[in-house]
Amino acid sequence: HVDVVYAKERKIHVASAAGANAGSVGDLALSYMLSFARRLPECRDDLRADGWNRKGLTGFALEEKVLGLLGAGNTGRATAKRAAAFGMKVVAYDPLYKPGTVVDGISEFLFSKEDVLHEADIVSCHVPLQDDTLGLLSAKDFQMMKKGSYVLNTSRGGVVVEDDIHMALDSGHIAGYGVDVFTVEPLPAGNWMRSHSKV
């Protein structure tokens, strides 16, 4: 996000503020989970349309679900602590952590991304955008996940292949996508994510 070479030429000091927004990202990820679990957007829309569909919009409890983290850095750990407080089992994969590592809020580190995808009901991305994370979640990954599971991306645009998540949402295999980062930002007017009922 910062042209470090240019800044150095102009004698502008650039420092990393790693972890400064970790709590805010954790809050956002949890808010997506709660919105999906309690079906808040649908309930709001139903009520505004003079509806009263209490039985049809019951949702589910987070404590019944497994959260899978891809990445256990500052934002991943902040998300894990919040999810654990809601009684969720939290599993994670991060190449920097070996299985058996103990981290507050994370129940278990798994051996691979695929292990997380198989086990989780909700998968949350917390990775930087680099060569090995570009397109980290694509069509083949969504097919590994449980039918009716959810994907969250609060890390970087490009981590999730947007055309592939679109197809997975339309097919019903993925039930919802909570996202605040996009491959192209600002998100272009008319982009499918602006109006899709499952985003």
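Guide: Buried means a relative accessible area under 20%, exposed means over 50%, and partly exposed is what falls in between. The model above is predicted.

Visitor: Why is Arg77 called partly exposed?

Guide: Arg77 has a relative accessible area of 26%.

Visitor: Where is Arg77 found, and which residues does Arg77 contact beyond its neighbours within four places in sequence?

Guide: Arg77 lies in helix α4. With those neighbours left aside, Arg77 is in contact with Ala72, Tyr97 and Val103. Ala92 is 15 residues from Arg77 in sequence, and their C-alpha atoms are 9.7 Å apart in space.

Visitor: How much of the protein is buried, and what share of the contacts with a separation of 6 or more comes from residues 24 or more positions apart?

Guide: Buried residues are 43% of the 199 residues. Residues 24 or more positions apart account for 61% of those contacts. The accessible surface is about 11200 Å², and carbon and sulfur atoms hold 53% of that surface.

Visitor: How many positive and negative side chains does the protein have?

Guide: There are 22 positive and 25 negative side chains, and the centres of the two sets lie 4 Å apart.

Visitor: How do you know how many disulfides there are?

Guide: A disulfide is a covalent bond between the sulfur atoms of two cysteines. To count here, a pair of cysteine sulfur atoms must lie within 2.5 Å. A search of the whole structure finds zero disulfides.

Visitor: Cys43 and Cys125: buried, partly exposed or exposed?

Guide: Cys43 has 27% relative accessibility, which is between the cut-offs of 20% and 50%, so Cys43 is partly exposed. Cys125 has 0%, which is under 20%, so Cys125 is buried.

Visitor: Why is Tyr177 called buried?

Guide: Its relative accessible area is 1%, and buried means under 20%, so Tyr177 is buried. Tyr177 is found in strand β6, residues 174-179. Not counting residues up to four places away in sequence, Tyr177 touches Phe36, Val151, Asn153, Val160, Ile165, Leu169, Met193, Lys198 and Val199.

Visitor: How far is Tyr177 from Phe36 in sequence and in space?

Guide: They are 141 residues apart in sequence and 9.0 Å apart in space, C-alpha to C-alpha. A contact needs heavy atoms within 4.5 Å, and Phe36 is among the residues that Tyr177 touches.

Visitor: What is the phi of each, and where are they?

Guide: Lys11 has a positive phi of about 60 degrees although it is not a glycine. Lys11 is in the loop between α1 (4-9) and α2 (22-38). Arg39, not a glycine either, has a positive phi of about 55 degrees. Arg39 lies in the loop between α2 and α3 (40-48).

Visitor: What makes the peptide bond from Glu185 to Pro186 cis?

Guide: Its omega is near 0 degrees. Pro186 is in the segment after β6.

Visitor: Phe86 and Glu108: buried, partly exposed or exposed?

Guide: Phe86 has a relative accessible area of 37%, between the 20% and 50% cut-offs, so Phe86 is partly exposed. Glu108 has 37%, so Glu108 is partly exposed by that rule.

Visitor: Where is each, and which contacts does each make beyond four places in sequence?

Guide: Phe86 is in the loop between α4 (74-85) and β2 (89-93). With neighbours within four places left aside, Phe86 contacts Leu30, Leu34, Leu62 and Glu63. Glu108 is in strand β3, residues 108-109. With such neighbours left aside, Glu108 contacts Lys89, Val90, Val91 and Ala92. The C-alpha atoms of Glu108 and Val91 are separated by 4.9 Å, and the two residues are 17 residues apart along the chain.

Methods: Residues numbered from 1 in each chain as written. Predicted model: local features only at pLDDT ≥ 70, side-chain atom pairs only at ≥ 80, totals over all residues. Heavy atoms only, no water. Buried < 20%, exposed > 50% of the residue type's maximum accessible area, 1.4 Å probe, protein only. Areas by Shrake-Rupley, 256 points an atom, 1.4 Å probe, with all protein chains shown as cover. Lys, Arg positive; Asp, Glu negative; His and termini not counted. Charge placed at Lys NZ, Arg CZ, Asp CG, Glu CD. Helix = DSSP H or I, 4+ residues; strand = E, 2+ residues; numbered from the N terminus.
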